[in-house]
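Notebook open, structure loaded. I want to jot down what I looked up, entry by entry.

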Amino acid sequence: MASDDVKLIGAWASPYVMRPRIALNLKGVEYEFLEEKFGSKSELLLKSNPVYKKIPVLLHGGKPICESLIIVQYIDEAWSGHSILPSDPYHRAVARFWGHYIDDKWFPALTGISRAPTDEAKKEAIEQVFAGLKFLEEVLEKSGAGKPFFGGDTIGYIDIALGCNLGWLRATEKLSGLTYLDESKTPLLVCWAEKFSAHEAVKCVMPETDKLVEFAQMLKAKFSAPPSK
Amino acid sequence: MAEKGVKLFGLWASPFSLRVEWALKLKEVDYEFMDEDLQNKSQELLHYNPITKKIPVLVHNGKPLAESTVIVEYVDEAWPNGYRIMPQDPFERAQARFWARFAEDKCVPAVFNVSINSGEELKKAIKEAQEVLKTLEKALEGKKFFGGETIGYLDIVAGWMPCWLRMIEEIAEITVVDAETLPLMNAWFDNFLEVEVVKRSLPPKDKLYAFNRARREQFLSGQ
């Protein structure tokens, strides 16, 4: 039936693409994964997301939904089953706040480290990453009460919003030699990261760290190589 | 005794705290407005939002929330029996959230650039602002408001523009949005400013005008 048809346009290395994949897995929804070829954008992607031309894009009965956390909320609302967002309005709002924080403050700081033009800027970016992780450790502690996930006994919105970045976080640790998930600083997060990565809805879509390192090195070489004719 | 009631930490001149006020007023919720001095933030604000330390912050029965677009959705859900802010259908909700995100990510900086520039830079900033507004116009097609017949989430999130952009146009003596360049957006600007809850809650025009004029002058003088 057309209205049941679910497709996801994405790519294996993208943390944002992981988010709706985890959400669909949690809901037990079958979908067709349309992998974009690196370096080019398909007609379908350009047609489905003309504003940003970015992945992920969910196509449900042909209708496109864009922006990863918006897609996750849509999946939570469109399908019954496992609840991704909390049922209480206040906790839902807190979860959405952390989604914004992760995307608007924390992740830009993380990617900003390698792009920092000065040592000062680099130091500031690193501090922001650690500060963010400390805040999130506190959130896990408060909401957790000994529970393994931000969502309690099961994976929820904040788990998905943060956890999709674990692949790249580990790859960045390998490439830079810095440890971000440090047991001495954020022990709960270290434990959480392991449990999240091992979860059945996650492990099949979490890219391997070594493959991401290889991908990052390839990107670096590609963009710093002299332009070809 | 547990803290009861609704407090909103904001700034009289901030479009971001104003959008929360619109949501609360639409729901007919009584609240106490705590006007902050952003150069000298109150201990209370820093206590309620130690993460970003920014306004607006809504405190409902002692529980704080930050991030204005998140707060607006919360207001809709916490007072479910009043005015409906979010669409009901999940796909429509996703569309509203998508365009709200676009308005925040693209329109806010674009209008900001118009407000702080002059000369060639201003001409460039106006063009860029018109481009992003042209894109946002797509969400208006065939409708009076983004929300349909009445204002909804996206109107509330983008609603600072009819007031602030028109003011910047006056201060800088420029035109960004008019019936020729952006007819749908122009009509929406007019319609939005006629909405009762918006009309009665805009900051005093002279005061806001002076505030924004001073701000523009500060940026132009290179401070």
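How many salt bridges does the rule count over all chains? I got 26, taking a salt bridge as a side-chain nitrogen of Lys or Arg within 4 Å of a carboxyl oxygen of Asp or Glu.

Ground rules before going on. This is a predicted model, where local features need pLDDT of at least 70 and side-chain atom pairs count only at pLDDT 80 or more, while totals for chains, interfaces and linings use all residues. Residues are numbered from 1 along each chain as its sequence is written, chains are lettered from A and ligands numbered from 1 in the order in which they are written, and side-chain values use heavy atoms, with hydrogens and water left out.

**Entry: the interface**

I looked at chain B against chain A and found 28 residues of chain B in contact with 26 of chain A (contact means heavy atoms within 4.5 Å). The buried area between them is about 2,500 Å², with carbon and sulfur atoms giving 68%; that is the accessible area (1.4 Å probe) that two parts lose on being put together, summed over both.

Six salt bridges cross this interface. I picked out E73(B) with R96(A), whose closest N and O atoms are 3.3 Å apart. E73(B) sits in helix α3 of chain B and R96(A) in helix α4 (residues 89-115) of chain A, so this pair joins two chains. Helices here are DSSP runs of H or I with at least four residues, and strands are runs of E with at least two, numbered from the N terminus. I also noted R101(B) and D104(A), whose side chains meet in a salt bridge at 2.6 Å, N to O.

Which elements give two or more residues to chain B's side? They are β4 (63-66), α3 (68-78) and α4 (90-116) of chain B. α4(B) gives the most, with 12 residues.

**Entry: a strand pair in chain A**

I found β1 (residues 6-10) and β2 (residues 32-35) of chain A pairing in the parallel sense over four bridges; pairing takes at least two DSSP bridges. The chain goes from β1(A) through helix α1 (residues 15-27) of chain A to β2(A), a right-handed β-α-β crossover (clockwise from first strand over helix to second, with the strands pointing away from the viewer). K7(A) stands opposite E32(A) in β2(A).

**Entry: D182(A)**

I found D182(A) in the loop between α7 (166-176) and α8 (187-198) of chain A. Not counting residues up to four places away in sequence, D182(A) touches P187(A) and V190(A).
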